[in-house]
Amino acid sequence: MEEEKNKRLDPQEVMERIAAASKPMVAGVEDKDVEYWVTIYIMGRAYKVPADLTILTAMEYAGYKFIRGCGCRQGFCGGCSTVYRKKGEYKLQSGMACQTRVEDGMYLVQIPFVPAEKASYDINKEEYNVSTMFKYYPELARCVSCNTCTKACPQKLEVMDYVQAAIKGDFKAVAELSFDCIQCGLCALRCPAELVQYDIAQLVRRMYGRYGSGKEPEHLLKRIKEIEEGKFNQEMDKITSLTREDLEKLYAEREREPD
Amino acid sequence: MIKKILITDENIDFLLKIEELSDQIITRCDQCGVCSGSCPLVSEMDITPSQMMRMVQLGQKEIMDSKTMWICASCYTCTVRCPRGLDPSKVAESLRQLRLRQGLDHINIKNIPKDEIEILPQIALVSAMRKFTS
Amino acid sequence: MEKSNENIKIGVYICHCGGNISEIVDVKEVASFAEKQPNVVLVRDYGHMCSEIGQQLVIDDIKGNKLDAVVIAACSPHFQGKTFMNILEVAGLSPYMFEMANIREQCAWPHFNTPSDATQKAKYLTYIAIAKARLNKPLKKKIIPVGKNVLVIGAGIAGIQASLDLGDAGFQVYLVEKEPSIGGHMAQLSRTFPTEDCAACILSPKMADVSSNPNINLFIYSEIKNIEGYLGNFKVEIEKKPRYVNVDKCIACGICEEKCPIKNVPDKFEEELKTRPAIYTPFDFAVPNKNLIDPETCLRLTKGGKVCGLCEKFCPEGAIDFNDQPEKVGFNVDTIIVATGFDIFDATQKKVYGYGKYENVITALEMERMIVHAAEGNPIRDLGTRIGFIQCVGSRDEQVGREYCSRICCMYATKLAQLLKRSDPNRDIYIFYTDLRAYGKGFEEYYKRAQDTGVKFIRGRVAEAIEDSKTKKVTLKGEDTLTRQIIESEFDTVVLSVGLGLSETSNKITDMLKLAKSPDGFLQEAHPKFRPVDTLVDGVFLAGTVQGPKDIPDTVAQASAATARAIRLMNQGGYSKDPILAFVHEELCDGCQLCIKHCPTNAIKISSGVAKVNEVMCLGCGSCIASCPRDALDLHCYTNEQLLAQIESALKEKQDGQIRILVFADDVTSYRLADNVGTAKMPYSTDSIIIRVPSSSRITPKLILQAFSLGADAILISESEEKSSPFPHSIKVIGDNVTKVKDILTQIGVDKERVQFIQFVTVMLWGFVNNINNLADFARKLGPIPIQKRTELVENVNKRLFGG
Amino acid sequence: MKILYYPGCTLKTSAKNFEESAIASAKTMDIELIELTRWNCCGTVFSLTSDDLIHHVAPIRNLIRVQEMNKQGLVKGEFRLVTLCAMCYNTLKRSNLRVKENPEDLEKINNLMYLEEDYEVKVEVIHFLKLLEDMGFEKVNEKVKNPLKNLKIAPYYGCMLLRPKEVGIDDPEDPTIQEELLEKLGAEVINNPFKKVCCGSYQTVQDKNIVVDLSYSILTRAQKEGAEAITTSCPLCAFNLDNRQKEVKEKYPHFKEIPVFYFTQLMSIAFGLDKKYCRFDLNYIDPEPLIKSKGLL
């Protein structure tokens with residue numbers, strides 16, 4: 001019955017509930033204040049948590065301390081990849097713990113880190129052509145274009161398309177399609193050909209950035225010129241001459257977003 | 001050293017597995033040798049394609065240690081010439097898959113020499129991966 | 001004179017069969033039951049009806065009491081049926097006024113463990129036999145007049161042998177050959193395996209006999225335009241192609257050949273290895289050994305006017321006649337022997353061997369001609385020292401659509417190889433084979449002789465041949481599968497052992513005579529084991545390679561066999577046939593022609609607006625009857641009326657709670673199978689009554705529905721399995737009939753499984769028993785068909801069956 | 001005539017010379033080759049095991065793209081897909097045939113690709129050579145401005161265009177389609193008996209001296225028959241016959257190099273198109289000296 005109630009809410013009401021739930025829930029709010037509850041299973045163990053939390057906050061509510069598997073808490077660092085299954089569905093889905101709402105009967109487990117091997121190379125010494133990519137990641141040729149990676153991507157990127165573009169040597173397409181990749185590793189986990197799509201895309205983006213785009217990074221160059229012209233020397237000297245206490249005071253009063 | 005073989009139906013499951021994978025009635029091959037005579041790569045092989053068919057017929061698992069099915073370039077010359085209308089290339093593929101599907105790659109793609117990778121076109125790399133890795 | 005069946009006098013005899021029947025069935029009870037039946041004037045029961053005394057008993061009764069029909073309840077008609085039919089004939093009655101009730105194999109024996117049921121069933125079977133006898137007609141055996149003329153198509157060794165046998169036996173032979181000389185492919189051969197006697201030496205005397213035999217009318221250089229009709233009445237039209245040489249005057253002196261300016265016409269007889277002039281004799285020992293002019297290359301015939309004409313000028317006998325015209329000839333024959341022979345496989349189709357592209361790749365037939373000419377001292381070309389034979393070219397090869405083995409290539413290759421080796425010992429000769437088939441008499445010894453001569457045999461099929469464009473030598477690539485090594489070696493000459501295929505002319509003949517082809521493309525014999533030279537068309541026989549690849553001894557044997565089979569029909573001047581033939585109730589037929597396509601031998605023709613059955617061609621299967629919406633078609637001895645009477649009497653005495661299964665059994669297989677089941681004493685449900693028909697395709701959907709409406713609980717249609725059935729497409733007809741019945745049953749709400757169609761072979765004893773018992777249990781479980789539905793079954797049956 | 005065209009990955013990189021010369025010569029024949037949108041790998045090499053479906057997903061998705069382009073009106077009722085690379089042709093056509101003959105496999109593949117529309121098996125995969133043959137090689141002859149007089153060419157087919165029989169564009173034992181095209185271009189055609197022998201294909205990755213021996217026998221036999229150059233229609237054959245001549249030279253020092261063209265390059269020259277379309281820089285053995293010696297450039 002409880003689950004029925006959640007479903008019928010219209011989006012506006014959902015937003016309000018998330019806002020209410022996101023109040024510093026972790027800090028000891030009594031159970032009676034919480035209106036809706038759901039049961040979720042973290043690595044098979046059941047926990048009763050307020051209905052509208054994200055997986056991340058729900059796990060924290062359940063008592064988990066995050067040493068790894070959490071980072072920006074805003075969905076762009078790719079640290080909190082999670083595999084979950086909604087009640088009654090057969091599919092294993094994946095997403096970012098900090099971006100996915102809990103639902104009643106959700107079974108989930110965190111995959112904090114994907115142990116893929118990133119090739120080491122010096123981008124300056126590499127030539128700008130297809131064989132460089134195959135030199136470091138020959139397994140790219142194993143792609144069977146089955147599109148499983150696209151289905152796993154929390155950022156909704158067209159992962160298969162950028163892998164195929166890589167094989168074709170269309171580096172511009174790879175760079176653009178893979179730009180928003182947060183390197184969460186979920187695509188690599190699902191790939192039947194055992195590729196590491198995001199490492200390949202990273203190499204291509206670096207090559208494209210260095211050789212392919214042909215556009216210079218104006219603000220970067222402008223800033224370097226300013227530094228070389230000594231625009232900030234005076235301010236730097238001021239900070240380096242401060243004592244430890246002054247620095248701590250400065251740090252405490254710094255302007256930052258609320259807890 | 002001449003080996004004695006046991007003609008029993010014990011190893012029939014090996015034959016049945018290959019027949020199922022390749023969708024060929026392998027017992028229909030009457031060993032005429034046209035596939036071996038037609039194969040462009042037969043000189044590189046340790047056993048000839050017709051002998052490969054024979055060993056599958058008798059369910060001899062030692063065929064898995066031979067390199068014949070790895071030398072096959074899937075050129076289908078045997079397919080268009082087999083008087084019995086069989087397809088030895090499918091039998092070779094099934095033998096390869098039997099090994100690959102256990103997760104044992106035939107080549108280690110990491111030690112393909114770098115200078116080779118530089119000149120090999122994608123069509124070569126993709127085809128080789130498809131045939132030699134699981 | 002024909003009595004109407006009201007006052008027909010029937011005598012009924014119940015046989016004890018020495019206890020076989022009387023120990024189970026109460027013969028007295030059956031006898032008293034029979035006495036009460038209308039038209040039964042006399043009933044006897046006796047220990048051994050088939051004995052001398054028993055038979056005399058019947059003869060005296062017939063004469064004494066002027067009986068019109070006789071019913072004997074005893075063993076299976078297949079056992080003593082013929083004996084009793086002969087008695088009727090002896091006593092002056094038509095044998096078709098006799099009916100038999102099978103109360104031994106199909107009653108006493110199988111139901112030995114239920115004597116009372118067996119007795120009841122014996123009564124039913126006798127009751128049914130009487131009902132049928134009441135409606136029997138005094139028919140006579142059909143005598144089909146068959147004269148003594150036979151057409152032999154094709155004058156190869158098969159046609160020659162058949163013609164000589166028939167000629168010697170005093171039959172008129174019309175031998176038609178499309179080539180300008182008789183002899184066929186055998187004339188082209190050098191020697192023949194395994195005895196190596198020279199083909200020409202043993203063939204030419206036979207060819208001479210053909211021309212000298214008075215009974216053989218040879219139509220040489222002629223083609224068959226049309227054949228119509230049936231056994232005893234085949235109308236044949238042939239066209240004699242113009243020779244432009246008067247055969248009587250020509251003495252084949254050869255002067256015209258010297259004078260003729262055209263010298264370069266490729267000679268088909270020499271497999272185009274040599275050329276001939278426009279006016280030529282087919283070959284040196286040709287019969288008739290006369291010249292003819294080739295219309296396509298003769299200057300006069302192609303250009304007309306006064307061009308050339310040298311042959312006419314120099315012919316000492318004035319035999320040249322440029323305006324010779326094709327001549328049509330027609331005649332009638334009684335039987336036909338098809339001996340149109342084979343064509344060798346067109347080796348250009350096997351591109352991988354390069355025939356036609358590579359100079360030194362030749363066919364075995366070309367090699368035959370080369371050996372002949374080499375033996376005469378003027379070889380056509382130098383064959384070099386390394387010669388390779390490739391076996392199975394166009395045989396055992398699905399890539400060219402020819403799966404069969406041509407049987408003779410292994411032996412002719414072994415022969416050619418030895419001849420070549422012996423004529424020049426330092427030649428290296430190799431034969432590439434997969435299976436060396438030396439199966440015949442003396443073949444294995446001949447194969448050993450080849451090995452002694454030094455011919456080497458490589459077990460492996462050649463994969464491809466490649467010619468060196470400069471040296472013209474041909475490299476053969478293949479695998480020696482015995483040592484699993486790859487062979488790649490050069491040869492001066494490569495000989496392709498080409499297989500055999502049906503000859504082109506045979507296709508035309510096949511269409512005219514509507515003969516069937518077996519999957520390998522050759523003509524289909526009536527039965528591979530028991531009628532190997534017959535065809536399914538009565539009076540047409542096969543001889544030689546037209547029926548399949550074979551060597552000369554088998555061909556000659558088959559030719560003589562075909563002759564014997566033809567003589568069997570022609571010898572007594574007539575051929576008697578059972579009167580079980582289809583006929584038309586002319587008053588009911590409106591000439592709608594629906595039945596025509598249902599007759600397997602298309603024996604039905606429309607004449608003066610009404611269908612007419614050709615009694616010679618009719619097989620008596622009855623499969624046409626179901627197709628007639630107006631029941632105009634019927635079958636003698638198994639008329640609708642008779643079958644209906646049998647069905648009614650089978651179901652009449654059915655009490656409530658009882659069930660009755662009707663089994664329609666085809667006489668060739670199912671009925672005999674039922675007998676075998678009885679002889680093996682294998683019990684089955686006594687609720688089943690077996691009714692005998694020539695083929696179950698006789699049982700029309702209407703009859704089945706009527707049987708259901710009369711109270712049948714389930715019906716089993718059983719027919720001989722297609723492969724061993726004498727009736728070509730009965731299985732398909734029965735299938736359609738049963739489907740129609742099942743649809744109607746479903747429409748009316750009766751379980752369609754009440755009618756079953758099963759194909760049997762005479763050894764499926766358990767199959768027969770289980771089917772009947774299962775059907776009986778099934779019917780018992782379902783219970784009888786409600787009365788209302790039974791009447792509905794036969795309402796507007798025609799509309800349901802034929803629609804519209 | 002507008003027709004959809006599937007390039008294949010190698011034609012976009014190391015075999016650009018094949019693609020550009022093809023597009024240019026097609027345009028001269030007023031055939032507009034429209035590249036398929038969002039095409040992916042053709043799924044080479046056609047998977048031969050009966051129970052394997054995943055490897056047919058890639059080719060079928062390409063064929064779905066043809067459906068999409070028709071629905072979007074980019075082409076009207078044009079369900080033919082032209083391929084240039086023989087390997088792509090073989091894989092796409094055989095997969096198409098596979099799903100046509102096994103509807104239950106098609107259903108599984110359609111279910112797997114639920115993000116795509118269902119494939120309705122309407123697409124017909126044809127090769128550029130077959131397209132030209134169907135249009136009639138005389139039309140090619142009409143466009144020839146610069147006939148390849150006394151340029152002795154031995155066409156090479158390899159395997160994927162001819163075998164197996166159900167997809168072959170010509171007789172597997174005696175192909176003549178390239179010969180007819182080259183004759184129409186004015187070249188002198190040489191028959192190389194090894195024109196249908198395999199080049200070793202992907203073995204070039206695992207053990208290149210297999211390829212070295214095969215190319216050596218194919219090339220020397222062509223030279224023996226008098227050929228001055230080879231034509232092919234597959235980037236892998238081109239690589240094995242052209243680039244591997246380096247290793248052939250090392251193993252057989254007396255071997256004389258011989259240029260390997262794509263047949264579309266010869267078409268471009270015969271049509272008198274600008275040399276830049278042929279991208280001879282991508283041919284390993286530089287063919288320009290030969291062409292110049294014939295006065296064709």
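Predicted model: local features only at pLDDT ≥ 70, side-chain atom pairs only at ≥ 80, totals over all residues.
Good morning, colleagues. I shall start with chain C. Five strands of this chain form an open sheet, and their order is E10-E7-E6-E18-E29, with parallel pairing. In general terms, the strands of a sheet pair through backbone hydrogen bonds, in either a parallel or an antiparallel manner. At the edges of the sheet stand strand E10, residues 216–219 of chain C, and strand E29, residues 540–542 of chain C. Each of these two has a single partner strand, so one side of each is left without a neighbour in the sheet. On average, and with direction ignored, neighbouring strands of this sheet are turned by 20° against each other.

Let us take one pair in detail. Strand E6 of chain C, residues 149–153, runs parallel to strand E7 of chain C, residues 172–176, and five bridges join them. Which residue of E7(C) is the bridge partner of C:Val150? That partner is C:Val173.

I now turn to chain A. Its domain assignment gives domain 1, residues 2–110, and domain 2, residues 123–212. Eight residues from domain 1 of chain A and seven residues from domain 2 of chain A take part in the contact. On the domain 1 side, strand E4 of chain A, residues 93–96, supplies the largest share, namely three residues.

Thank you for your attention.

Conventions
Residues numbered from 1 in each chain as written. Chains lettered and ligands numbered in written order. Pairing = 2+ DSSP bridges. Helix = DSSP H or I, 4+ residues; strand = E, 2+ residues; numbered from the N terminus. Axes fitted to C-alpha atoms, helices over the stretch in contact; angles between N-to-C directions. Domains from an automatic or database assignment. Contact = placed C-beta atoms within 7 Å.
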